[in-house]
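Subject: Structure for your files

Hello,

Here is the structure I said I would pass on. My notes on what turned up in it follow below.

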Amino acid sequence: MAIKNVENVKLKLVLDGGVVDGKIKRINKTYSGVKEDATVDAIFNTSKEIVELQNKRVLNVLRIEEAILTE
């Protein structure tokens, strides 16, 4: 059976950078150092606070988890 060992957790915000050549330009902002045991609600609420400081509309909020899988 495989075992997952989480090494790193990040918060990624995808923001609306406007329309360029008829396509939505996406701006990615990534924040590292998220605690592994942070709840989805805590991460989402933090993202809302960060977005309030931006002048852009948020398109997506992502929790990125890097893990090592072993046997």
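Of the 71 residues in the protein chain, 15% are buried. Please keep in mind that this is a predicted model. The accessible surface of the protein chain comes to about 5,600 Å², and carbon and sulfur atoms contribute 49% of that area.

Overall layout

The protein chain contains one helix and three strands, arranged along the sequence as β-β-α-β. Its radius of gyration is 15 Å, well over the 11 Å that the globule rule gives for 71 residues, so the protein chain is more spread out than a compact globule. Along the principal axes, the C-alpha atoms fill a box of roughly 50 × 25 × 15 Å. Among contacts with a separation of 6 or more, 67% are between residues 24 or more positions apart.

The sheet and the helix

The three strands make an open sheet, ordered β2-β1-β3, with antiparallel pairing. Strands β2 (23–32) and β3 (58–70) are at the edges, each pairing on one side only. On average, neighbouring strands in this sheet are turned by 30° against each other, direction ignored. Strand β1, residues 3–20, pairs with β3 in the antiparallel sense over twelve bridges. Within these two strands, K12 stands opposite L62 of β3.

Helix α1 (residues 40–52) packs on the sheet and touches β1, β2 and β3. The direction of α1 makes about 30° with that of β1. Is S47 buried or exposed? With a relative accessibility of 1%, S47 counts as buried, because the cut-off for buried is under 20%. Leaving aside residues up to four places away in sequence, S47 touches L11, L13 and V61.

Salt bridges

How many salt bridges does the structure hold? There are four, and three of them are described here.

- K4 and E65 form a salt bridge, with the closest N and O atoms 2.8 Å apart. K4 belongs to strand β1 and E65 to strand β3, so this pair ties together parts that are 61 residues apart in sequence. K4 counts as exposed at 51% relative accessibility, while E65 counts as partly exposed at 31%.
- R63 and E65 also meet through their side chains in a salt bridge, at 2.8 Å from N to O. R63 is partly exposed, with a relative accessibility of 34%. Through shared partners, salt bridges join K4, R63 and E65 into one network.
- D16 and R57 form a salt bridge in which the closest N and O atoms are 3.1 Å apart. This pair links distant parts of the chain, with D16 in strand β1 and R57 in the loop between α1 and β3, 41 residues apart. D16 has a relative accessibility of 17% and counts as buried.

A backbone detail

Most residues other than glycine have a negative phi. D21 is not a glycine, yet has a positive phi of about 55°. Where is D21 found? D21 is in the loop between β1 and β2. With a relative accessible area of 78%, D21 is exposed.

Regards

Conventions:
Residues are numbered from 1 along each chain as its sequence is written. This is a predicted model: local features need pLDDT of at least 70, side-chain atom pairs count only at pLDDT 80 or more; totals for chains, interfaces and linings use all residues. Side-chain values use heavy atoms; hydrogens and water are left out. Two strands pair if DSSP finds at least two bridges between them. Helices (H or I, at least four residues) and strands (E, at least two) are DSSP runs, numbered from the N terminus. Axes are lines fitted to C-alpha atoms, for helices over the stretch in contact, and angles run from 0 to 180 degrees between N-to-C directions. Contact means heavy atoms within 4.5 Å. The radius of gyration is taken over C-alpha atoms; the globule rule is 2.2 Å times the number of residues to the power 0.38. Buried means under 20% relative accessible area, exposed over 50%, partly exposed in between (1.4 Å probe, protein chains only). Accessible areas come from the Shrake-Rupley method with a 1.4 Å probe; for residues, only the protein chains shown count as cover.
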